Amino acid sequence: MITNWNLSSYIRLSHEVLRAQWKGTSTAGHWALRVHDKTKDVIIEAAYDHLFVAVGLKHYPYEPHFEGREMWEHSGIKRQIYHSIYYRSPDVFRGKNVLVVGAGPTGVDIVSRIVNIANSVRFLWIWIMRMILCIDFRQRRTFQSIQMPFQDSPVPSLRACT
Amino acid sequence: MKPVIERFTSNSIVFSDNTLLTHIDTVVLATGYKFIVPFLTEGGYLQETSNISRLPDDKTLRTNARYIWPLWQHMLSLDPRYPLGSLYFMSMPSIAPTMYCGIVQTLFALHTIADPSLLQSRDTFFSHLLAQEDRLRAKGIDPDKYGHSVYLNQGSNAYYDEIVGYLQERGLGGMPEIPPLGQSYSDSWRVFDIPHILSVVMNWLKVESRGEDVVRQWLEGVETEDQWVALMDKLVDLGEDEI
């Protein structure tokens, strides 16, 4: 597509925007960008009329504050608490008793991957409005065949829980 | 039902109903991401703050890491320090299929950059934002925490239809990627809610469990999009005897 539309001269790879500031008023002006050109290791200044923030906003992990978190983590042997951004492989969950907090797409995906590998998995299904459902996956054999975390929970009750 | 995690002690995780989990050794926080943009904050154009205070005469852009305010439809900055259309955010909405979201937002951004007269006044957009936040509050949802969830707002398909509808109403129906006025952007079959989707998946798994012959019967002659949609409709309310 880049070749087809002859776009390569407009694209800067290995450039990091360090700062963006509007120079002007509520009716006219431009964005003044300070950019680190990593290919030459120089700082450049550039002016633009419009700015699209399309850097992806799934980069900095959000972790709720939990009182006593460090105490819990350091009191047990090999206890761990970490954000899903650091999830790489289900293998590290072998033999573990796992609590997955957060039932967005990520939570559901992780549970479905580790449920047959971990010793036990508990899943906090946070369905907003502070309604939380804790599902214990004891009948794990059912998951083995189908890889679907809610197979043993029929839809009507799922709905009732939310 | 378990309520929220209240705190951790040296040997257990305590929930707010005082129940405990003591056997856990690994906790994975699938709790989302911070909506922050350091290069804007560095320039003084996105204040990081612990709460989104809505003072009547301060509409400069801010974030509490969960919600960026004030943005119209999660993408257009209403900050009065620069003209409308100077700053857009792409793919902010959570629990929305990213590809459609990106296409629809790009359509809006590119058309309004090419023709700024397509933009309503800042005040009109701002009133729309406040009304949307009020609708969330009426459902018991705090916009400062969950404001960028289009699932909780209007649903992802309605979100796309609203943005494309905005362009259609201003004479852009029939342009590339934009259906004619009166025709919605989302295919009607996409407007399935989550319980429906789960029904389709789970009932299909039941079909699969009956073996290859049954699967083949189900799929016989299913080729066009309409036929696949009909198959999904049939799966939603499938009784045991119908497999």
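B:Gly44 is partly exposed, with a relative accessible area of 41% (buried means under 20% relative accessible area, exposed over 50%, and partly exposed in between, with a 1.4 Å probe and protein chains only). The model is predicted, so that local features need pLDDT of at least 70 and side-chain atom pairs count only at pLDDT 80 or more, whereas totals for chains, interfaces and linings use all residues. Residues are numbered from 1 along each chain as its sequence is written, chains are lettered from A and ligands numbered from 1 in the order in which they are written, and side-chain values use heavy atoms, with hydrogens and water left out. B:Gly44 belongs to the loop between helix 1 (38-42) and strand 5 of chain B; helices (H or I, at least four residues) and strands (E, at least two) are DSSP runs, numbered from the N terminus. From B:Gly44 to B:Met90 the separation is 46 residues in sequence and 20 Å in space, C-alpha to C-alpha.

Chain A contains four helices and eight strands. Read from the N terminus, its elements follow the order β-β-β-β-α-β-β-α-β-β-α-α. Of the 162 residues in chain A, 37% are buried. Among contacts in chain A with a separation of 6 or more, 25% are between residues 24 or more positions apart (contact means heavy atoms within 4.5 Å).

A nonpolar surface patch of about 870 Å² is formed by A:Met1, A:Ile2, A:Trp5, A:Leu7, A:Tyr10, A:Ile11 and A:Leu13. Patches are made of residues with over 30% relative accessible area and no salt bridge, like charges being joined within 9 Å and nonpolar side chains (Val, Leu, Ile, Met, Phe, Trp, Tyr) within 5 Å. One of the patch residues, A:Ile2, is situated in the segment before strand 1 (15-24) of chain A. A:Ile2 is partly exposed, at 44% relative accessible area.

The two chains share an interface in which 71 residues of chain A are in contact with 65 residues of chain B. About 6,600 Å² is buried between chain A and chain B, with carbon and sulfur atoms giving 70% of this area; buried area is the accessible area (1.4 Å probe) that two parts lose on being put together, summed over both. Strand 1 of chain A provides six residues, the largest share of the side of chain A that touches chain B. Between the chains, 28 residue pairs are in polar contact (both at pLDDT 80 or more). A polar contact is a pair of N or O atoms within 3.5 Å; within protein, one must be able to donate a hydrogen and the other to accept it, and residues adjacent in sequence count only if both atoms are side-chain atoms. The number of salt bridges between chain A and chain B is zero.

Side chains of opposite charge can pair when their charged atoms come close. Over all chains, 13 salt bridges are counted, each being a side-chain nitrogen of Lys or Arg within 4 Å of a carboxyl oxygen of Asp or Glu. In chain A, one of them joins A:Asp37 and A:Lys40, with 3.6 Å between the closest N and O atoms. A:Asp37 is buried at 5% relative accessibility, whereas A:Lys40 is exposed at 62%.

In chain B, a salt bridge links B:Arg54 and B:Glu133 at 2.9 Å, N to O. B:Arg54 lies in the loop between strand 5 (47-48) and strand 6 of chain B and B:Glu133 in helix 3 (residues 122-138), so the pair ties together parts that are 79 residues apart in sequence. B:Arg54 is partly exposed, at 29% relative accessible area, while B:Glu133 is buried, at 2%.

A further salt bridge in chain B pairs B:Asp58 with B:Arg62 at 3.0 Å, N to O. B:Asp58 is partly exposed at 24% relative accessibility, and B:Arg62 is buried at 2%. Elsewhere, salt bridges with shared partners connect B:Arg54, B:Glu133 and B:Asp144 into one network. B:Arg62 is part of strand 6 (residues 62-63) of chain B. A polar atom of the B:Arg62 side chain lies 2.6 Å from the backbone oxygen of B:Ser53, and the B:Arg62 side chain also reaches the backbone oxygen of B:Thr60 at 2.9 Å. Apart from neighbours within four places in sequence, the contacts of B:Arg62 are B:Leu46, B:Gln47, B:Thr49, B:Ile52, B:Ser53, B:Tyr67, B:Ile68 and B:Trp69.

Technical notes
Accessible areas come from the Shrake-Rupley method with a 1.4 Å probe; for residues, only the protein chains shown count as cover.
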